[in-house]
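I opened this notebook to record what I looked up in the structure shown here.

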Amino acid sequence: MTPTLAKGSIRRRLVLQLAGIAALLSLALFLVVRAVAEHAAEETQDNILAASATSIADALYSERGFVRLELPYSALSMLGTISEDRVFYRVVVDDETLTGYDDLPAPEVWSDSRKNKFSTLSYRGETVRSVAVTRAVSTGSQITDVMVIVAQTRLGLEAISTRITATATAVGAGFFLVATALSLLAAQTALLPLNRLAQSVARRGMADLRPVVTETPAELIPLVQSLNSFMSRLRASLTRSEDFITEAAHRVRTPLATVRTQAEVVHRRQSGAADKKALREMIRAIDESSRSAGQLLDHAMVTFRTDHLETSDIDLGDMIRDICDRLFPTADLKDIQINLDCTDQPMPFSGDPILLQNALRNILDNAIKYSPADSVITVRLTANGSYLIEFADQGRGFGDADLTQIVGRFERGSNVGDIVGSGLGLTIADEVARAHGGKLEISENKGGQGACVTVVLPRS
Amino acid sequence: MRHSRFTAILSALLLAATHVCAFEVESAKFYDAPSGGNLIRIVSTADIEVFEPIILAFQKLHPDIDVDYTVASSTEVMNAIYIDGEPFDLAISSAMDLQTKLANDGYARTYRSTATANLPDWAKWRDQLFAFTQEPAVMVVSDEAFKDIPLPTTREDLIDLLRDHPEHFDGRIGTYDVRTSGLGYLFATQDSRNTGSYWRLTELMGRLNTKLYCCSGQMITDIAEGRLAFAYNVLGSYASSRLKDTPGIRIVPFNDFLSVMLRTALIPKTARNPAAGGVMVDFLATLNTRLELNAQTGLPPISNDIGDLSNAMRPIRLGPGLLVFLDRLQRDTFLRSWSNSMEQE
Ligand SMILES: Nc1ncnc2c1ncn2[C@@H]1O[C@H](COP(=O)(O)OP(=O)(O)O)[C@@H](O)[C@H]1O
């Protein structure tokens, strides 16, 4: 399997994006909290200033045609209650300062409006907030406009502003942290179905190409659908390949078998030694090519079917007997005797009969192939912990071939000499044994020279 | 004549007079430090005799600081800073209102230290004005005059007493002339804020031909010598310090409320050696750790527990409220009412 290159991570991207949004929102929260609170603080100062100026205006009275004032204690003391800011005031009658700080600036236009006029200005080297309240005072015959200006420095306000900024920062940062933590959680939860899907696909067997039916969120349905359609296509393609192999085996074997039969018939009729020899060569060539083709196709089929065994209950004894019977003619051709050492008691096994047959036939076929004429092959089937199917011959043995390599695909020994072969026989046997949870053991024949190949199958 | 020329100067100030007038010094003394070199110039309303122990104790702690101590009336102290811009490093005054005005109008420097941080909130303003004594206004009575009469404990008691025994007290009452005494004016205005009985009391005192004084000292002398039965709103600290060597007088603290004057110090903007001013502020702010000085000067240091309301002591609140009674119109109105009550012919 090729390693999948990870390009980015949905989780990281989700978290980063959510954290980014959280950061923006925190900033907005910070700005809003600060703006609102500062506005409120400024409004508070304005209100107190207005209250102060109004209480002064309320204390205006006229006496003998003059505007008089009894400055209320609370008018100035109230300004001192919330902060230690400097306080200035001025009462103006007809552009003349009646009392207070006569350099305290008055707003330019003042007589046209009865509303409180707030302004921020610089006075005596400090920024002050001032309010001007205009009041009409009747001085006997006429009505005089009196303006009361009260101003206060903004130190207290600045202190409040600093405190608010600190609080707003804390609120913003807290919000950000909480939101980020929650976005981590959200990313985790959002990806949960994806992980579930991945697990459910990963858990299934190699050959399990059934459609995925786990419950998935709507967003994943396209993925699951394309996955399912991909798998069904794959399955169809596999089935097609399998069909092709079966078909190919059939198409190759049948004509070869026909040709061989015809050749034998002719061989039997011929009397000329030269002709007979040529026909034998021909039969041999047919045999070889039919075996090679058969093995190639068998191997392809085995590779396929090991993924999904079509198991059924079989009896190993019956199977061995059947194989020995089938190969008897081939062995007989070389005057080789097959000794079958097998009890009659049942040897039940659950496996793929076609594969097992194929494997065992290949091993026996090898034994016949590599045995000299007039020798004995012993096939022994025993059952203790597991089933042991042993094929021992008196042939050339494996020589100095590497026994661990010999089962490899297209791997042939060094001592095969003129004997043709594809190097697939043991491979097939090994793969089938392993597909059934067993193994293939290769050794020299302990009873004398020759090879000994054993298929070990587990007893269920 | 600590508070004389009060009216004139005040009017001048409020009209932002441009004339140059050198301020009037009452007395001055130079205290050479053992290893001097660093000079602090102090302008103060407290008499040299009163303040000297503090200066000597200060120099014991800071042997490198020479002290140039100038005494002037409260208006002159204000004058020196506000108009003349004299380079004093510390201005000490009993006139809380004038000191507040200096700070409010930007003539004081901001100063912060551990010592000032430990002062209770009511004893400082803007980190520019620092109180270091708390001196209540009390009634001082002659033992002889109250031989047969119960001592009043509240102002209402006093009013009843004056109503019941007009002949006994006629012409034998003393109080500050608030027109000339800044301190008297401060106490009177605070009284008028604190109690509704103040104007009734003033009215009664006026009817009983109350004698008016410029200063506490003369009032106490007159009580001791039998010319007065009692004096109203005498500076408690002066009275206490006179108690030892003046037989026959007694201090009666009212228990409805006691206006408490805070003597304050500030470092003027014009200071040449503000650091030394700060050192002195620290020293004054920690006077309550030097009780032996209290005994010598008769100046009670700031104590943290007078702020609570269960106490009759009402420290006069520093802050813009004090500016109200400096207002020209307000002052005119107040003095007019006061004069009308006090001088009924
Ligand atoms: N019975 C045997 N005796 C000797 N050598 C054998 C025997 N069976 C297999 N081999 C060796 O193992 C090699 C691989 O066998 P196999 O996979 O069946 O391929 P091949 O088609 O060459 O027989 C053979 O080339 C041969 O060298």
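The entries below begin with conventions and then turn to the pocket and the interface.

Conventions. I worked from a predicted model, in which local features need pLDDT of at least 70, side-chain atom pairs count only at pLDDT 80 or more, and totals for chains, interfaces and linings use all residues. Residues are numbered from 1 along each chain as its sequence is written, chains are lettered from A and ligands numbered from 1 in the order in which they are written, and side-chain values use heavy atoms, with hydrogens and water left out.

Pocket. Domain 2 (207-308) and domain 3 (310-460) of chain A, with bounds from an automatic or database assignment, both contribute to the lining, so the pocket lies between them.

Interface. I found 28 residues of chain A in contact (heavy atoms within 4.5 Å) with 28 residues of chain B. Y73(A), E84(A) and R86(A) supply 31% of the area that chain A buries against chain B, more than any other three residues; buried area is the accessible area (1.4 Å probe) that two parts lose on being put together, summed over both. I noted two salt bridges between the chains, each a side-chain nitrogen of Lys or Arg within 4 Å of a carboxyl oxygen of Asp or Glu. R336(B) pairs in a salt bridge with E63(A), with the closest N and O atoms 3.8 Å apart.
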